[in-house]
Amino acid sequence: MKKILVVDDEPSMRELLAIMLRREHFAVEVADSRATAARILATGPFDLVITDVKLPDGDGIEILRHVKAAAPETVVIVMTAYGSTESAVAALKLGAQDYLVKPFDVEELKIVVRKTLDSQQLQEENLLLKAEFRSLHRLDRMIGVSPKMVKVFDLVRSIASTTSTVLIQGESGTGKELVAKAIHALSPRRNAPFVSVNCAALPEPLLESELFGHMKGAFTDAHQTRKGLFETAHHGTLLLDEVGEMPLSMQVKLLRALQEKRVRRVGSAEEIDVDARVIAATNRPLEQLVRDRQFREDLYYRLNVIEIQLLPLVERPRDILPLAESFLPEGKRLSADAGAALVRHRWPGNVRELRNAMQRAQLLARGDTITAADLGLLDEPPAPPPIEIELDRETIEEALDRAGGVVSQAAAELGISRQALYRRMERLGIGRRAPG
């Protein structure tokens, strides 16, 4: 039941409003002054406050300011005497939802109250829908609205609770480590360590020591016994980044550790039980490496229990603008030409390159709006068409919403021309929108 507070110093008006609103099935409380209203408002949230502008200890404008500061979700309707509409206009500027001029018809009050609360309900539903949209299109620190990325998010959520090894494949900069961290963050292992190692950065002897540890004196620089990353990630998650670069002789040792869930430190004969979920990532096609005998087939199948494929940005242009906007601080925005240029660019460095471009543009921008010139993307040649674009009604309407009704910006995000988008809108019966 919606709660309404009525504030008026006239007893007859308070009683009339209370009776009428209770008949409409609202919970109603009344106050005869600003001070009383403040005490009642402090007891809990209200959906609506109806207040007279003139009160014996102040005015309704002060109540409006108090409500908007303490509970901005509460809507306010002000009442004013005929000929005093200046106060009502001032109240609207301060955030009042509507106003009534006394004397007013009871039916008029009902209409205004119902319209106000319906508007509030719609805003609440929109917030819930936006939150649901964000939960569907955001995963940990990752953002994606394209169907391919939504499927990736769904897959991550479904496998996070398992212990299966995962193979993440994708070009450099597509977010493989972020996906691995998201799997860990959503898993029962989230409170244990997440440990990563770049297999391409270390020669074989150092990589073996890094993964499995070593005993004091095992080699020249082994001045003390050290745990390896498998032990460090015990009960947690171990990311083997760039696993395709691992030497074949080291692959044999990794396979054994995965099969037996035990490791042997360099220089030791003792085996140590380990429980680490292993996620492997690579920007090289492991299947081709297997065919070329550069990667062990048995290790490939041991790692590839669950496969996640991350597409390059050029193949998912719908993600470019949401990603770019996520890199902007509050108060900054993209111009229409910047949005179009971002979508046209090929982004060979993928999300990493996009993030760096946005950070650089923020430093170069002279105001709150980032332009194509700030991004260094003037006269950018168009990117090749994406492999697959789903242009159904929902896809187009979402793009138009994000673009604030600007068709050229929505078309750029979708990777098609403005004319093509207009034709598609006409076929689907989607009306043109006024830019927001």
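H235 sits in the loop between α9 (229-232) and β14, and its phi is near 70 degrees, a positive value in a residue other than glycine. H235 counts as partly exposed because its relative accessibility is 46%. These values, like those that follow, come from a predicted model. The chain as a whole holds 19 helices and 20 strands.

**Backbone features in loops**

- K261 also has a positive phi, near 55 degrees, in a residue other than glycine.
- The loop that holds K261 runs between α10 (248-260) and β15.
- K261 has a relative accessible area of 52% and is therefore exposed, the cut-off for that class being over 50%.
- K102 and P103 are joined by a cis peptide bond, with omega at about -10 degrees.
- P103 belongs to the loop between β7 (98-102) and α5 (106-137).

**The chain as a whole**

- The radius of gyration of the chain is 31 Å, whereas a compact globule of 436 residues would have a value near 22 Å.
- Along the principal axes, the C-alpha atoms fill a box of roughly 90 × 55 × 40 Å.
- Of the 436 residues in the chain, 45% are buried.
- The accessible surface comes to about 22,200 Å², and carbon and sulfur atoms account for 51% of that surface.
- When contacts between residues at least 6 apart in sequence are considered, 68% join residues at least 24 apart.

**The second largest pocket**

- The second largest pocket has a volume of about 500 Å³.
- Its lining consists of 23 residues, and those that lie nearest the centre of the pocket are G175, K176, L178, R352 and R355.
- Two or more lining residues are given by each of β9 (142-143), α7 (176-185), β14 (237-241), α13 (320-326) and α15 (350-364).
- Helix α7 provides the largest share of the lining, 4 residues.
- Sorted by class, the lining comprises 10 charged, 8 nonpolar and 5 polar residues.

**Strand residue Q169**

- Q169 is part of strand β10, which covers residues 166-170.
- With a relative accessible area of 7%, Q169 is buried.
- Residues up to four places away in sequence aside, Q169 touches K176, T282, R284, P285, L286, E307, I308, Q309 and L310.

**Helix α14 and its packing**

- Helix α14 spans residues 336-344, and its buried residues are A338, G339, A340, A341, L342 and V343.
- These buried residues pack against several helices, namely α13, α15, α16 (372-375) and α18 (407-414).
- They also pack against strands β19 (333-334) and β20 (369-370).
- Helices α13 and α15, which take part in this packing, are also among the elements that give two or more residues to the lining of the second largest pocket.

**V263 in strand β15**

- V263 lies in strand β15, made up of residues 262-264.
- V263 counts as buried because its relative accessibility is 2%, and the class covers values under 20%.
- The C-alpha atoms of V263 and G213 are separated by 8.7 Å, although the two residues are 50 residues apart along the chain.
- With neighbours within four places in sequence left aside, V263 is in contact with F212, F230, E231, A257, E270, E271, I272 and V274.

**E208 in helix α8**

- E208 is located in helix α8, residues 204-212.
- The relative accessibility of E208 is 19%, so this residue counts as buried under a cut-off of under 20%.
- Neighbours within four places in sequence left aside, the contacts of E208 are with G213, M250, K253 and V266.

**The start of the chain**

- M1 is placed in the segment before β1 (3-7).
- M1 counts as exposed, since its relative accessibility is 75%.
- M1 and H25 are 24 residues apart in sequence, and their C-alpha atoms are 7.3 Å apart in space.
- H25 is also one of the residues in contact with M1, together with F26, A27 and D47, when neighbours within four places in sequence are left aside.

Terms used:
Residues numbered from 1 in each chain as written. Predicted model: local features only at pLDDT ≥ 70, side-chain atom pairs only at ≥ 80, totals over all residues. Heavy atoms only, no water. 1 Å grid on protein atoms, 1.4 Å probe; cavity = no way out; pocket = protein on both sides within 12 Å on 5 of 7 lines; lining within 4 Å. Points joined across faces, edges and corners; volume = space filled by probe spheres on them. Nonpolar A, V, L, I, M, F, W, Y, C, P; charged D, E, K, R; others polar. Buried < 20%, exposed > 50% of the residue type's maximum accessible area, 1.4 Å probe, protein only. Contact = heavy atoms within 4.5 Å. Rg over C-alpha atoms; globule rule 2.2 N^0.38 Å. Areas by Shrake-Rupley, 256 points an atom, 1.4 Å probe, with all protein chains shown as cover.
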